[in-house]
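Morning, everyone. Let me put the structure up.

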Amino acid sequence: MDSIQMIAHIEKSLDYSIFDVKWIPCSAKFVVVGSKPKGNGILQIYELNRGELDKVIEVEKPKSFKCCSFGASRLRETQLATGDFVGKLAIYDVERLEQPVYEVAEAHTGIINAMDAIGGTTINCGAPEIVTGGRDGSVKVWDPRQNDSPAAHVSAAGDGPADKRDCWAVGFGNSYNSVERSVVAGYDNGDVKLIDLRAMKERWSANVKNGVCGVEFDRKDINMNKLVVSTLEGGLHVFDMRTQHPEKGFAQLTEKEAGQSLGSNGVISGSKSTVWTVKHLPQNRDIFASCGGAGNIRLWIYHYPEKRTKTTASGEDQGVVGTLEMLNATTVSTQPVNAFDWSPDRQGLAVCGAFDQTVRVLVSTNLHLH
């Protein structure tokens, strides 16, 4: 079988810190958001043009941007949701970036660390919503068609300020019809919580021992299938979300970023570099990219077990986890790669941002063979 290659096709140095990158759906353009040296927020749009990157739009805002998403936008509207360093949630029309079309000035107390969005392009899978996770420990769900109060508010356990954990990662999932929807949240102490939004209660929680930097379901708009969680200290965890055991929860595969495989019994020591983010390939939910603190990007494929469930001695169903295979590992930067996005339209095309203030357009070959 032909091997997978990931190539840095175009590199462009910028004069600011990059915090997030997103492809604009149905286009050859992508958005970069970040922070200027003096703390201003910057949003740029670039377009691929015959092997070059042309800057199409640039706007500055008073406060640094931390995260962004097109997930709640319909294709014809191309509206970008953003979260900034002072807790403001805003949605901008990418054709008219001067003023937001939706804004919540104090969505969180302090920085909005992460966001995800859903419902823009999925049919019969519920309302367009945005989920945000903040340094204040809270996770909030917003419906931009409503007013500026959250549709749902999930706080970390405990009532006092000392009990609030910093929420670093959020993601939507299980939105397979117009009623069902879940949110997964990852915290700085290694907690991972799954909240059923229809029942408005916590369905499951686990602790992965290190701060959670990234969470993503392999698909948002299907029955929960797989969840990938990435952490500090090189941790990568894959949960089979189809079968939940009453006591043992979901079956789990734990990897170390060094690329060594292990089942659910423990962790092999290996690379200690943070895994900043994970992104599943839109055209194949069993392939995903993980971006590391050593400037590397790894492509993985998940192999399902022969049987995904087994019956325990007490007669209850328990999930069976599969295996991970690393398809490719490439180093693109001397600094951590902290932002990554696959093109939803062209398989293997991706964009990433790193702490070296460089944005890179990447091309992966032979992904269609897997």
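Before I go on, the ground rules. This is a predicted model, where local features need pLDDT of at least 70, side-chain atom pairs count only at pLDDT 80 or more, and totals for chains, interfaces and linings use all residues. Residues are numbered from 1 along each chain as its sequence is written, and side-chain values use heavy atoms, with hydrogens and water left out.

Two terms. Strands are DSSP runs of E, at least two residues, numbered from the N terminus. Two strands pair if DSSP finds at least two bridges between them.

Back to that contact. S28 and S29, residues 349-354, pair in the antiparallel sense over five bridges. They belong to an open sheet of four strands, in the order S1-S30-S29-S28, with antiparallel pairing. Strand S1 (5-13) and strand S28 (337-342) are at the edges with a single partner strand each, so one side of each has no neighbour in the sheet. From one strand to the next, the twist averages 25 degrees. Axes here are lines fitted to C-alpha atoms, and angles run from 0 to 180 degrees between N-to-C directions.

Next, strand S16. Is S16 buried or exposed? Six of the six residues of S16 (residues 191-196) are buried, so the strand is largely enclosed by the rest of the structure. Buried means under 20% relative accessible area, with a 1.4 Å probe and protein chains only. Asp 191, Lys 193 and Ile 195 point one way, Val 192, Leu 194 and Asp 196 the other way. In a regular strand the side chains alternate between the two faces of the sheet.

Which strands does S16 pair with? On one count, strand S15 (residues 182-187), antiparallel, through five bridges. Also strand S17 (residues 201-207), again antiparallel, through six bridges. Look at Lys 193. Lys 193 is the bridge partner of Ala 185, and Lys 193 also stands opposite Ser 205 in S17.

Now the turns. S15 and S16 make a hairpin with three residues between them, and Gly 190 in that turn has a positive phi of about 95 degrees. S16 and S17 make a hairpin with four residues between them, where Met 200 has a positive phi of about 50 degrees.

Four strands, open, antiparallel, in the order S6-S7-S8-S9. The edge strands, S6 (65-69) and S9 (102-104), each pair on one side only. Strand S8 (residues 89-93) meets S9 antiparallel over three bridges. There, Ile 91 has Tyr 102 of S9 as its bridge partner.

Technical notes. Buried < 20%, exposed > 50% of the residue type's maximum accessible area, 1.4 Å probe, protein only.
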